[in-house]
Amino acid sequence: MKKALLLLSLASAPVLAGEGKWTPQQVLELNPTELKKQGLQVPPQRLWDPQRGTGLLAGTVNVGGCSGAFISGTGLVITNHHCAFPIIQEHSTPERDLITQGFLATSRAEELPGKGARIQVPRAFTDVTARMLAAVPAGADDLARFQALEREEKTLIAECEKRPATRCILARFEGGLRYTLIDSVELTDSRLVYAPPRGVGEYGGETDNWTWPRHTGDFAILRAYTAPDGSAAAFNPRNVPYKAEFFFPLATEGVKPDDFVMVLGYPGITYRALLADEMAERLTRVYPRLIDLYGEVIRILEEEGTKDPAGKIALASNLKSLHNRYKNAGGQIAGITRGHLVDKQRATEEAVVAWARTRPAYAGALQAREALLSQGEQRARTFEREQLLDAMGLVSKGTAVSTRLTRSAVERAKPDLERQPEFMERELPRQRDWLEREQKNFFAPADKRVLLMLVRRAQALGPDSRIAAIDRAFGPTFSEKETAAQVESLYAGSKVFDLTERMKMAGETEAQLRARKDPLLDLGFDLSVELTALRTERERQQGAGSRLRPEWRRAFLAHAGKPVAPDANGSLRVSFAKVKGYAPRDGVLYTPQTTLAGLVEKNTGKVPFDVPEKVLRAAEARRHGPWKDARLGDVPVDFLSDADTTGGNSGSPTVNGKGQLVGVNFDRVWENVANDFGYNPDVARNVSVDVRYVLWLLDQVEDADALLRELGVRKGPAAQERR
């Protein structure tokens, strides 16, 4: 029966659903008749009103780099468990381990605030292309071009953010062919309402990550708050729930194979506009180096975490992120290779070149392509050194925090519009939040070993690739014993990881920081010089890219002769899809839904397949309540669709044609990891938690009656019960 349903789903693939992360404005350019035929039951204008610059799509919010969605008019937001993890970790201790046990607030007073947690609600999208391009002086070289564009971007954002509680960003499309200013309301008081136990939210762990079938309940529920007058405000017990104009009611009937769905969210970045040689660079150099570096960091953190329960909690968030990036890099290599994506891109590219050669208007595009190829050759010569410098600002807390402090002090001495964007006044509250939050992620034994590893790698670089700051601090050659002693001395003599002192440092001048004679700060100052030089070179390259890439893409788009969804860039998008399974390899067919029975079948009683006892009891007793799917004869857990998603789509609402929430996106399948480089309809599948599994957990496991009433799936007053 399941096999027949899968074949039906595969055979009835529609034309429109699938490829394309469409902007809100592009939705209105698509054929409304075709959208209706696919399953959209609301007018496209309800999704997005160009006059107001808002619509149902604005019920999708940005949750700290993830996506999320309002699911009630009282500020409830659903996102992924792994997106809410920083708040869960923040309130966890060995004595009250919310990571393992989960959390349910039985009243609003019990909801847990997240330090630095922010929710952005889109408000307006404005095309500013003409203004951006006019800001570049005639005859500007590439560095001057970048600086002029960056300054104009800062000016636009500053003007936009004069409104209170406003967060604005500038989104670039097609490398700078078009620029859009995005205006959002920023809510700075968000609180944890519900997080399932880790055995639900991370069921399957890294074993199941990027795979199918999945049985993971990767969701959590937050609530956004405002001041009593409705304005955004920092945490205050007197704050009230945010009144969401647009939200997605829960579709208690769920989905079935071949149903139309939409995935809405803020996909981070894709690479489909790269040249074939640029894709090959990522395949042969970037991803293999990431696997090598992250693999060693993961091993260090896991070894140290097993030695101390508090250390295990401190390292949990970083390990989760590193594991995801590590496995993603492997999937990119496998997917690009298996799908022959470089060869396909090269063939497409050559077709555009041949077409452009017969059209004098596109001669500039051919020249731009050659210049972009030359840039790639230059990057290859400095790659190893640059990768290590980047890592020192990421994987070692010692160097990441010290360089952040020192660079901030140097930048704050400049006029605001002349600073690096991350150190402008608008960013300083986030910087302070990050500096405070990183204390929770710091575990000294692990961090010392990570820095020791980075030093070893740096001292193995060739004579033309040295990192001078590392040579000055540790000498030009590596000795395990001597360098380890130097690292110990560095941390022992520093107050960077004394939280009180670090927060003082965050407001000190360069002279005051240097006067401390703190060894980690001194290393931070030294590294900052090289990071700043690297940044300047990358700015020059970006300036060249903003000049060259649009020329090439203009020809590419003209050759396509049809609407092309631009690469993801962190802005709001929608992908139209169908619920469907797939065939990952010869002789294998995957159905598009999983159930509680499959979850129980996987249970071993050991991590990562350790079903929490209360969940296991309810499942084995077949306490399905009203959440059973009659066709499946069980409660559905996860489902597949062929939506076009990527990183940043974590937490994206998956909604039906009526605009009702049917699931929460949280992953892609292994065969689809390289979707960032090209969409393959045969294997392009994203994974969502079925809303009925969410409701089953709240109902049959947690007995969260008041929350279910507030969500509108159980009758009775809700607001009074959750005060």
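Reader: Hi! What should I know about the model before we start?
Author: It is predicted, so local features need pLDDT of at least 70 and side-chain atom pairs count only at pLDDT 80 or more, while totals for chains, interfaces and linings use all residues. Residues are numbered from 1 along each chain as its sequence is written, and side-chain values use heavy atoms, with hydrogens and water left out.

Reader: Great. What is the strand order in the open sheet of seven strands?
Author: The order is β13-β12-β16-β17-β18-β15-β14, with antiparallel pairing. Strands are DSSP runs of E, at least two residues, and helices are runs of H or I, at least four, numbered from the N terminus; two strands pair if DSSP finds at least two bridges between them.

Reader: And which are the edge strands?
Author: β13 (573-578) and β14 (593-595), each pairing on one side only.

Reader: Which helix packs on the sheet?
Author: Helix α25 (residues 691-701), which touches β14, β15 (636-641), β17 and β18. Contact here means heavy atoms within 4.5 Å.

Reader: Where is Asn441 placed?
Author: In the loop between α16 (428-437) and α17 (444-458).

Reader: Leaving aside neighbours within four places in sequence, what is Asn441 in contact with?
Author: With Gln89, Ala314, Leu315, Ser317, Asn318 and Lys397.

Note on methods:
Axes fitted to C-alpha atoms, helices over the stretch in contact; angles between N-to-C directions.
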